[in-house]
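Here is a briefing on local features of one structure, grouped by topic.

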Amino acid sequence: MRLRTRATVIATAALLLTSLTPAHGADAYGPLPPANPYAGPVGTATMHGDTGSSDATPLPGPGAGSVRSHRTALQSACPTVLVGADGYPVALCTEIFGLAPTVHLLDPATGGSVAELTLAKGSLLGGVYAYLDHRDRLVAVDGNRDLLRIGHRRTAAGGWELYVDSRLPLAGAVPDGDAVTGLSPDWQGRVWFATGAGVVGTADDRTGAVRTLALPAGERVANSISTAPSGTAVATTHATYLLTAGADGTPEVSWRRPYDRGPGRKPGQLSWGTGSTPTFFGPATGTDYVTVVDNAAPTVNLLVYRTVSGEQVCSVPVLKAGGSGSENSPVAVGNAVFVASTYGYPYPKLPEDAGPSVPSSDSYRGGLSRVDVRSDGSGCDLKWDNRTRSAAVPRLSTADGLLRTVLRNPVIPGTDATSVLDPYVYAEVDPATGRTTRTAYLGSGFVFDTLQMVGSIAPGRVVLQGTTTGVLRIIAG
């Protein structure tokens with residue numbers, strides 16, 4: 001997490017990163033993105049772990065031996081499970097019936113809900129992307145376009161309650177019919193946000209100042225955004241941007257790089273364009289590079305850019321063994337990037353503006369790839385590519401050196417078919433080889449569908465994985 005200035009240190013780290021085996025421990029990976037002073041703990045503050053969206057964590061997962069799980073039924077899909085410095089998980093879920101976003105405070109010992117708070121209903125992606133701030137408050141935008149900071153506290157009776165600690169209206173900056181898709185804090189304490197229709201803004205709820213910039217007409221934002229000391233990364237349905245703020249907080253484009261968006265939305269994606277939340281990573285500062293996956297047909301490419309200049313480092317075809325399309329953010333740390341396929345994944349509901357897919361349908365074949373940026377920054381290389389049927393965004397632990405995900409297996413082995421009876425399996429993957437090293441059965445059927453959501457690793461070697469109906473608590477034992 002510290003800037004490494006000596007060339008010999010960087011060169012040594014680069015050599016270690018080429019192997020990236022569990023035996024090397026945390027030092028094999030290089031730094032995670034630096035801790036944001038206005039966000040919660042690194043690894044558990046955002047859906048993607050940190051404000052750089054690395055999907056990596058310094059926390060270890062379940063130890064060796066058997067693995068067991070318990071499902072907390074919340075009658076909600078729970079894509080965002082975060083953990084603050086106090087150890088209490090906070091889940092932002094969307095109710096199955098009514099689709100209202102609901103915040104749950106979970107018991108860290110059992111995973112049960114000890115308090116809940118329903119928010120104003122918004123778009124399909126409203127109630128998905130949020131983060132914990134440095135005071136363990138959930139920062140989210142509700143269906144009324146209000147920026148909320150939601151805290152939790154003990155009641156006089158000894159129980160728990162969730163409450164709105166502050167509220168800043170964004171309706172004057174977010175047009176009617178539009179909604180905030182993603183948000184993340186910068187290093188000055190402002191909250192950056194992006195809307196589905198392509199408005200990017202900053203909001204300072206200490207002063208009430210809100211400043212915006214409209215991206216080119218027709219460019220939509222369908223995923224979250226990421227922040228680093230050098231700027232805010234936004235991926236639209238046409239291009240990747242790095243933005244900075246002017247003296248008054250107004251967003252300014254530092255660079256823009258268009259990508260191949262293909263002939264249409266692919267099956268297993270939610271929009272026509274990249275499915276990536278941009279990911280910051282790198283061997284020196286942890287944010288040397290930013291990466292997304294394009295939507296090229298028939299094979300998608302991992303695109304890596306230098307964060308400061310926007311210079312393209314590489315374009316590498318990925319997910320060639322399985323389905324070549326991804327709605328998931330890349331997982332990246334040091335010089336290594338991992339991409340999981342969602343091509344053909346049977347989402348039960350799509351955004352209203354998703355449009356038809358090209359082709360109209362296809363099977364879910366799975367896929368997982370690893371790409372390494374060369375130590376001299378001259379390009380990238382595909383290290384391995386397989387057909388792992390990941391049904392979640394993988395999470396990489398730099399503490400124990402493992403990728404963790406959930407597999408969706410077919411009822412009929414050896415086929416690519418999916419059904420409401422499919423079994424779901426917790427899995428650990430060796431990042432050096434792509435080989436699955438340990439599995440544990442979680443359950444079968446719709447209630448266990450992890451729907452390409454992210455699992456968070458909490459303190460105490462606990463994995464908290466959202467499903468279509470609640471949260472799975474996965475531990476050793």
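The model is predicted: local features need pLDDT of at least 70, side-chain atom pairs count only at pLDDT 80 or more, and totals for chains, interfaces and linings use all residues. Residues are numbered from 1 along each chain as its sequence is written, and side-chain values use heavy atoms, with hydrogens and water left out.

- Strands here are DSSP runs of E with at least two residues, numbered from the N terminus, while helices are runs of H or I with at least four.
- Two strands count as paired if DSSP finds at least two bridges between them.
- Strand β13 (residues 199-204) and strand β14 (residues 209-214) pair in the antiparallel sense, over six bridges.
- The hairpin of β13 and β14 has four residues between the strands, and G208 in the turn has a positive phi of about 85 degrees.
- Strand β12 (residues 191-195) also runs antiparallel to β13, joined by four bridges.
- V191 stands opposite A203 of β13.
- Three residues lie between the strands in the hairpin of β12 and β13, where G198 takes a positive phi near 95 degrees.
- Six of the six residues of β13 are buried, so this strand is largely enclosed by the rest of the structure; buried means under 20% relative accessible area, exposed over 50%, and partly exposed in between (1.4 Å probe, protein chains only).
- The cover extends to both faces of β13, with V199, G201 and A203 buried on one side and V200, T202 and D204 buried on the other.

**The five-stranded sheet**

- An open sheet of five strands has the order β1-β28-β29-β30-β31, with mixed pairing.
- β1 (56-57) and β31 (436-444) stand at the edges with a single partner strand each, so one side of each has no neighbour in the sheet.
- Strand β28 (residues 395-397) runs antiparallel to β29, with three bridges joining them.
- L396 has L403 in β29 as its bridge partner.

**Aromatic pairs and charges over rings**

- Rings of Phe, Tyr and Trp (its six-membered ring) pair if their centres lie within 6.5 Å; planes under 30 degrees apart count as stacked, over 60 as edge-to-face and the rest as tilted.
- By this rule there are six aromatic pairs.
- One of them is the tilted pair of W255 and Y305, at 5.6 Å centre to centre and 45 degrees between the planes.
- W255 lies in strand β18 (residues 251-258) and Y305 in strand β21 (residues 301-306), so this pair ties together parts that are 50 residues apart in sequence.
- W255 counts as buried at 4% relative accessibility, and Y305 counts as buried at 2%.
- F281 and Y289 have ring centres 5.4 Å apart and planes at 50 degrees, so this pair is tilted; both residues are buried.
- One aromatic cluster is formed by Y345, Y347 and Y364.
- A charge sits over a ring if NZ of Lys or CZ of Arg is within 6 Å of the ring centre and within 35 degrees of the ring normal.
- R261 lies over the face of W272 at 4.0 Å from the ring centre, and the charged end of R71 sits over the ring of F448, 5.6 Å from its centre.

**An exposed loop residue**

- V420 lies in the loop between β29 (402-408) and β30 (423-429).
- At 62% relative accessibility, V420 counts as exposed.
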